[in-house]
Amino acid sequence: MSSRPDLTRREALSGLSAAGALPVLPAALATAPRRGGRIRVASISSSSADTLDPAKGALSTDYVRHFMLYSGLTQFSDGLTPRLALAEAFETSDRVRWSIRLRKGVEFHDGSPLTAADVVYSLLRHKTPALGSKVKTIADQILEARVTGPQALEIRLSGPNADLPAILATSHFVIIKDGAHDFRTANGTGPYRLRAFNPGVRTIVSRNPNYWKPGRPYLDEIELIGIPDEVSRVNALLSGDVHLVNAINPRSTRRIAASHRHGIIETRSGLYTDMILRQDRAPTGDPNFVLAMKHLFDRELICKALYRGYATVANDQPIPPGHPYYFPGLPQRTHDPDRARFLLKKAGLLNLRLPVYASPAADGSVDMASILQEQAGQIGLRLAVNRVPSDGYWSNHWMKHPLTFGNTNPRPTADLLFSLFYKSDAAWNESGWKSDRFDQLLLAARGEADEARRKQMYAEMQILVHDKGGVVIPVFISSLDAFDRRLKGFRSIATGGLMGYAFAEYVWLEG
Amino acid sequence: MTTLQLILKRLGAAALTLLLVSMIVFTISSLLPGDAASETLGQSATPEAVAALRAQLGLNEPAPARYLHWLGSLFTGDPGRSMSSDLPVRTLIASRLPKSLFLAGLTALIATPIALALGVAAAMRKDSTLDRGLSLLTLSMVAAPEFLVATLGVLLFAVKLRWLPSITLIPEHPSALDLLRAYALPVATLAFGVIAQMARMTRAALIDQLQQPYAEMATLKGLSRPRVVLVHALPNAAGPVANAIALSLSYLLGGAIIVETIFNYPGIASLMVDAVTSRDMPLLQACAMIFCAAYLALVLIADVCAILSNPRLRQA
């Protein structure tokens, strides 16, 4: 996000500088939006843990539901640059104190007007430990939020963070009514109103005629269900029972492509499965060993064979191409078994036998481990792949052995990603990698006013992780949605599948 | 001992079994790695967050105390609150159990007469071409795994022909046609295996009876084969047949997990799977207890049928 000091946040936010915007499909432009119609959408997950409480949203189905019913202060409507939504102005001079003015005339589904008190309540509740908010650690940087007028509030952070508008665009931070605590029903300002909610079964929403974006949304009704089984989900789409599905396995793309009634949309995302080499354990802490493993991964093969091309080759650092802070100058690390062998020999680690823990919990890790095992064998490193069940993987294996796999969902900002997974003292610093220089840069970048310097800092952080970090990131995995071609306006938004989980307000049904 | 006493004795035994089962269910479910607090927070579980949630969910109490607490509330008919959704377990189960019962009941209603007819027909003409043909058919039906039958059914009838929906979608106000379409594939898949099982066991039980001296006597007296089978052998085979039916039906309730998954059917089996993955103990335990109770009830009914149909058992 651009943030020159001479530019107010408002201008910056509403400007058309969408760095990560993906091209809009021609199909979306071909016809004018049509009002009416009912669609059924099947998402990957649905269980009794389904929730109407934005703080508890854990899975894509929850995010979709929350974006149907609620709106945020900001939103990602195309690229990775947040735009103003419920906020009419979002300004700061020092990135610590932010003043927000709310859009006028916005109504909750029960008819009550949106006020600053609702926003303050919605933001501060995440800090309550007993709530169990998924974003408590992020919300903790909000030291204070107070009402400064009926439509105005001020937020004070614990330190400068230029990414606040992006953070507040995620589904967890959507705005609920002041004092709301019973989430058997939902009262939001979103494009749809709740008609029925049955956890693990279905959510039915109908159009909110008083939505604050004039003319939107288009559909009369959406039924959101979950079909956890991928084959069943694809079958439901192909048989015409549902109009839209997410989380398609690349293996199913051929079946869908064979149907002229259906289309596939690829969202290139920052999702990755990484191999974690614990830096505090032997032999994975040896820098030669780390570099050898990084050269041992055949990224092209993983891209083609595992993901059928629906992935992007990565370079051992977590910022994906297309991200505003992506540093293109970093040379791509290649598959080089000879160099890996040389490095292992240098470290005296050839002919070693090492267990690797892989699990279906970390998408693709079992197959990656098998490919790696084969290639390691050829240079004299014997890897024993331990395939462990998803159940309990994150608490019992992840980061607990010298060699494990992790899986990281895209985060809205580079700062969040680095703070959560790479900062020396982060709880999920997967490899236990310590770098003072990295930590300094991370803190400095949060408060850096000069955009070019900030970009430079992020570039240096990417170089540090690429060169010295203890994780191997072979590819970024694309998320795949498939849809009925009668559904129009469906495109890709880089923050996640299903148009960044917010497809509901953009799509319409033809014929 | 009178029949009534005998039945009461069985009832007592069932109650005792249920109590033991409750202990086993509680013990085994607490052996699962992780708890509701760490599963709810998933990859994002920090020690403080887990501790806060654990305290809130009452997971800090020692296990025996939690067991007694749970058992006590179970007796008063309240299985507690679901940890993952914060809804009463009763509400969750009430929305799912009728659906599972309906699916099981409908399958039983269709499968039982067909299975009995096939079993009787095969037994009547033992070793004939019909019997061999039926044997081959039922054996292959038993051998075909459910997921294969269901997947092939979906590919053919839903994706290719588009006659039936691939998942069970029941509108809020369903018409008879809606229901017929929605249930056709799941019921057919479940009935496929159940019919075969029941038919084979009916045949075996009947043939067993037909080898008894009394059946031979009846044949020697010149009674027709259908009369020997239907009037003499069948009533005596009622016990084993009832048992076979009871076993198949209990399978329909709890064993329908695969069918519920493939057809996305919102039944109680998938609810229990959800409960296991989210470590939602109150829900998991309640589901397990329902399955055990249903199983015991069905076996009890089968026993009673056997007792009533066989005077010798009443003397035992």
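Chain B holds 14 helices and zero strands, where helices (H or I, at least four residues) and strands (E, at least two) are DSSP runs numbered from the N terminus. The structure is a predicted model, in which local features need pLDDT of at least 70 and side-chain atom pairs count only at pLDDT 80 or more, while totals for chains, interfaces and linings use all residues. Residues are numbered from 1 along each chain as its sequence is written, and chains are lettered from A and ligands numbered from 1 in the order in which they are written.

Taken along the principal axes, the C-alpha atoms of chain B fill a box of roughly 85 × 60 × 35 Å. Of the 316 residues in chain B, 38% are buried, a residue being buried if 20 or more other C-beta atoms, placed from the backbone, lie within 10 Å of its own, exposed if 12 or fewer do, and partly exposed in between. Two residues are in contact if their C-beta atoms, placed from the backbone, lie within 7 Å; among such contacts in chain B between residues at least 6 apart in sequence, 71% join residues at least 24 apart.

Within chain B, the axes of helix 7 (residues 146-160) and helix 8 (residues 176-210) come within 10 Å and cross at roughly 145°, axes being lines fitted to C-alpha atoms, for helices over the stretch in contact, with angles running from 0 to 180 degrees between N-to-C directions. Residues of helix 7 of chain B, including B:Gly153 and B:Phe157, meet residues of helix 8 of chain B, among them B:Ala188 and B:Phe192. The residues of this contact divide into seven nonpolar, three polar and one charged, where Ala, Val, Leu, Ile, Met, Phe, Trp, Tyr, Cys and Pro count as nonpolar, Asp, Glu, Lys and Arg as charged, and the others, Gly among them, as polar.

Between the chains, 39 residues of chain B are in contact with 30 residues of chain A. Elements giving two or more residues to this side of chain B include helix 2 (36-41), helix 5 (89-124) and helix 12 (268-277) of chain B, and helix 3 of chain B gives the most, with five residues. The side of chain B that touches chain A comprises 17 nonpolar, 18 polar and four charged residues.

B:Arg96 is found in helix 5 of chain B and is buried because 25 other C-beta atoms lie within 10 Å. Leaving aside its neighbours within four places in sequence, B:Arg96 is in contact with B:Pro266, B:Gly267, B:Ile268 and B:Leu271.
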